[in-house]
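Please open the model in your viewer and keep the sequence beside it, so that each selection can be followed by eye.

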Amino acid sequence: MRDLDRKAAEDAPFYALAFFKSTHFNYSYDDESAKFRPSVKLNMAMAANGKDPELYLNDYRNAVYFNDKLVGQILRKLEETGLIDNTVVIIT
């Protein structure tokens, strides 16, 4: 986020990329983002062990929720610095 503060002060065109890996196996997220419960961390060796697939889906949903939070932080920083007025944001 400090980079966005610096870029706002420079008042020059720039390119930035944020790659969030948390929705790629092995899903990761902070405790605050564990909204979907119960969840189970996927063990690839035991993936077909008869557990309810909803448990694994909740793990993925938590990772997506975490990514959404991170994107929101970037968008808020762009708004705070005024960069959002002259910025193209592409989310894929």
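Which residue's side chain is joined to that of K69 by a polar contact of 3.2 Å? Select K69 in this predicted model, and then S33, whose side chain is the partner in that 3.2 Å polar contact.

If you colour by accessibility, is K69 buried or exposed? K69 counts as buried, because its relative accessibility is 18%, which lies under the 20% cut-off.

Now step back from the side chain to the element that holds it, for K69 has its place in helix α2. Select the whole of α2, residues 53-81, together with helix α1, residues 2-10, and you will have two helices that pack with their axes 10 Å apart and at an angle of about 25°. That angle makes α1 roughly parallel to α2, and the crossing of the two helices is right-handed.

To see where they meet, show the side chains of L4, D5 and A8 on α1, and those of I74, K77, L78 and T81 on α2, as these are the residues that make the contact. Coloured by residue class, the contact of α1 with α2 divides into four nonpolar residues, one polar residue and two charged residues.

Notes. Residues are numbered from 1 along each chain as its sequence is written. This is a predicted model: local features need pLDDT of at least 70, side-chain atom pairs count only at pLDDT 80 or more; totals for chains, interfaces and linings use all residues. Side-chain values use heavy atoms; hydrogens and water are left out. Axes are lines fitted to C-alpha atoms, for helices over the stretch in contact, and angles run from 0 to 180 degrees between N-to-C directions. Helices (H or I, at least four residues) and strands (E, at least two) are DSSP runs, numbered from the N terminus. Angles under 35 degrees count as roughly parallel, over 145 as roughly antiparallel, 65 to 115 as roughly perpendicular and the rest as oblique. A crossing is left-handed if the near helix is turned anticlockwise from the far one by less than a right angle, and right-handed if clockwise. Contact means heavy atoms within 4.5 Å. Ala, Val, Leu, Ile, Met, Phe, Trp, Tyr, Cys and Pro count as nonpolar, Asp, Glu, Lys and Arg as charged, and the others, Gly among them, as polar. Buried means under 20% relative accessible area, exposed over 50%, partly exposed in between (1.4 Å probe, protein chains only). A polar contact is a pair of N or O atoms within 3.5 Å; within protein, one must be able to donate a hydrogen and the other to accept it, and residues adjacent in sequence count only if both atoms are side-chain atoms.
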